[in-house]
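The structure is shown first, and the description follows.

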Amino acid sequence: MAQKPRTVICVGDIHGYISKLSNLWLNLQSAIDPSEFSSALVIFLGDYCDRGPETRKVIDFLISLPEKHPDQTHVFLAGNHDFAFSGFLGLLPRPSDGSDLKDTWKEYEGSEEREGWYRGEGFEDMHLQGRRWAGKIKATFNSVKGMAYKGSIYDAGSTFESYGVPHGSSDLMKAVPESHKKFLTNMVWVHEEDDVCIDTEEGLKHCKLIAVHAGLEKGNNVEEQLKLLRAKDTSISKIQHLSGRKNVWDIPQWAPWKTSHRWHEIDNR
């Protein structure tokens, strides 16, 4: 008798909303067979922080999962917001090419004044995205999203507040618990599974799964992109695979979460 394919769960952007995450988890437990849920591969696709009011509680929830569900496999991908949060806290690896993190500022330095990049403690050796994340943008309203900015271009004000410090304060570096810093440090930029089964109109299909927060770029060599993501190359000012919108592959049309555009399928046959 053929072994039943493992259940794979992919969870998109949480953005500090602990109540929505808790409700989603309860719904998953109710909707999936208990034996399948208990052994599932759960891939969180990134963007755990910002916008919503409870980033700290969200990360506490995620950290608790391996102990609560020891037979599950949990993967925590970095989103662009989490990358920037890590950059502010000084948790990013050093650029492998020997360059300085401050070298990432050059490409976008024309936006520094408008975006109000962070200039407080530790900024001299901070990745561009960390400075943007903790900065104070002059505009008050984001016309693209149709909502007010929450402190910075990343809407990071609510993350600072969830740790009990004012937006843009270097006190956050001390307020974030070591367990949260370890979680952020250990996030991966890409996750690969060699054999995942997908139900399609033509029947069960065996595929390779590549999970990335925003997506792989169109027209570029896949293996070269995967090499960059596996290596966590922080010499890049803006990692399109974590931030891109227009230049990433489209999600397969059969996928129920197709609007999240973060799942890539390569036929394994």
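F160 is buried, at 0% relative accessibility; the word buried stands for under 20% relative accessible area, exposed for over 50% and partly exposed for values in between (1.4 Å probe, protein chains only). The model is predicted, so local features need pLDDT of at least 70 and side-chain atom pairs count only at pLDDT 80 or more, while totals for chains, interfaces and linings use all residues. Residues are numbered from 1 along each chain as its sequence is written, and side-chain values use heavy atoms, with hydrogens and water left out.

The structure holds 14 aromatic pairs. Rings of Phe, Tyr and Trp (its six-membered ring) pair if their centres lie within 6.5 Å; planes under 30 degrees apart are stacked, over 60 edge-to-face and the rest tilted. Two of the pairs are listed here.

| Pair | Type | Centre to centre | Angle between planes |
|---|---|---|---|
| F88 and W133 | tilted | 5.6 Å | 45 degrees |
| W133 and F160 | stacked | 5.0 Å | 25 degrees |

F88 is buried at 1% relative accessible area, and W133 is buried at 0%.

Elsewhere, ring pairs connect W25, F37, F44, Y48, F61, F76 and F183 into a cluster.
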